[in-house]
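Please read the following walk through a predicted model with the sequence and the coordinates side by side.

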Amino acid sequence: QLQLVESGGGSVQPGGSLRLSCAASGFTLDYFAIGWFRQAPGKEREGVSCFSSSDDSAYYSDSVKGRFTISRDNAKNTAYLQMNSLKPEDTAVYYCAAVFKSAFVCRPPRAGAFSSWGQGTQVTVSS
């Protein structure tokens, strides 16, 4: 069984920070590429960050570059998305996703390439 459980969402004022966590079970996360996606009402799902050891680099969308940081703790089998300087346009449901490591999956991340998904966590940025 493959399972991803997300946590860390909530409400924050513009300029604030949140850290999303994605705990994996049923598989070893270090063998998988990790993607973070978000979807706001009325908008398409957007890949905002991704990391794959096959690529040996992290991807960030232009809208979050310089503000978000993806990381992974292999000992805890958990991935993270640190979100700083949050803006109202960051408001969305955020999803973590994983796929067995594959070259170029993060260039850029595409939702259809990821086989395991978390349940989503709401992030709301408002004043």
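The torsion about the S-S bond between cysteine 22 and cysteine 96 is about 70°, so this disulfide is right-handed. The link brings together distant parts of the chain, since cysteine 22 belongs to strand 3 (residues 18–25) while cysteine 96 belongs to strand 9 (residues 92–100), and the two cysteines are 74 residues apart. In this predicted model, the S to S distance of the pair is 2.0 Å. Buried here means a relative accessible area under 20%. Cysteine 22, with a relative accessible area of 2%, is therefore buried, and cysteine 96, with a value of 0%, is buried as well.

This bond is one of two disulfides that the structure holds. In general terms, a disulfide is a covalent bond between the sulfur atoms of two cysteines.

The other link is formed by cysteine 50 and cysteine 106, whose sulfur atoms are 1.9 Å apart. Its handedness is left-handed, with -50° about the S-S bond. Cysteine 50 lies in strand 5 (residues 46–52), whereas cysteine 106 lies in the loop between strand 9 and strand 10 (116–117), so the pair ties together parts of the chain that are 56 residues apart in sequence. The burial of the two partners can be judged by the cut-off already used: cysteine 50 has a relative accessible area of 0% and is therefore buried, and cysteine 106, at 3%, is likewise buried. When the bonded cysteines are counted along the chain, the disulfides of the protein follow the pattern 1-3, 2-4.

From the cysteines we can turn to a serine. Is serine 7 buried, exposed or partly exposed? Because the partly exposed class lies between the 20% limit for buried and the 50% limit for exposed, serine 7, at 39% relative accessibility, counts as partly exposed. This serine is found in strand 1, which covers residues 3–7. Which residues does serine 7 touch, once its neighbours within four places in sequence are left aside? With those neighbours set apart, serine 7 is in contact with Arg19, Leu20 and Ser21. Serine 7 can also be placed relative to threonine 121, which is 114 residues apart from it along the chain, although the C-alpha atoms of the two residues are separated by 6.4 Å.

Conventions: Residues numbered from 1 in each chain as written. Predicted model: local features only at pLDDT ≥ 70, side-chain atom pairs only at ≥ 80, totals over all residues. Heavy atoms only, no water. Helix = DSSP H or I, 4+ residues; strand = E, 2+ residues; numbered from the N terminus. Buried < 20%, exposed > 50% of the residue type's maximum accessible area, 1.4 Å probe, protein only. Contact = heavy atoms within 4.5 Å. Disulfide = S-S within 2.5 Å.
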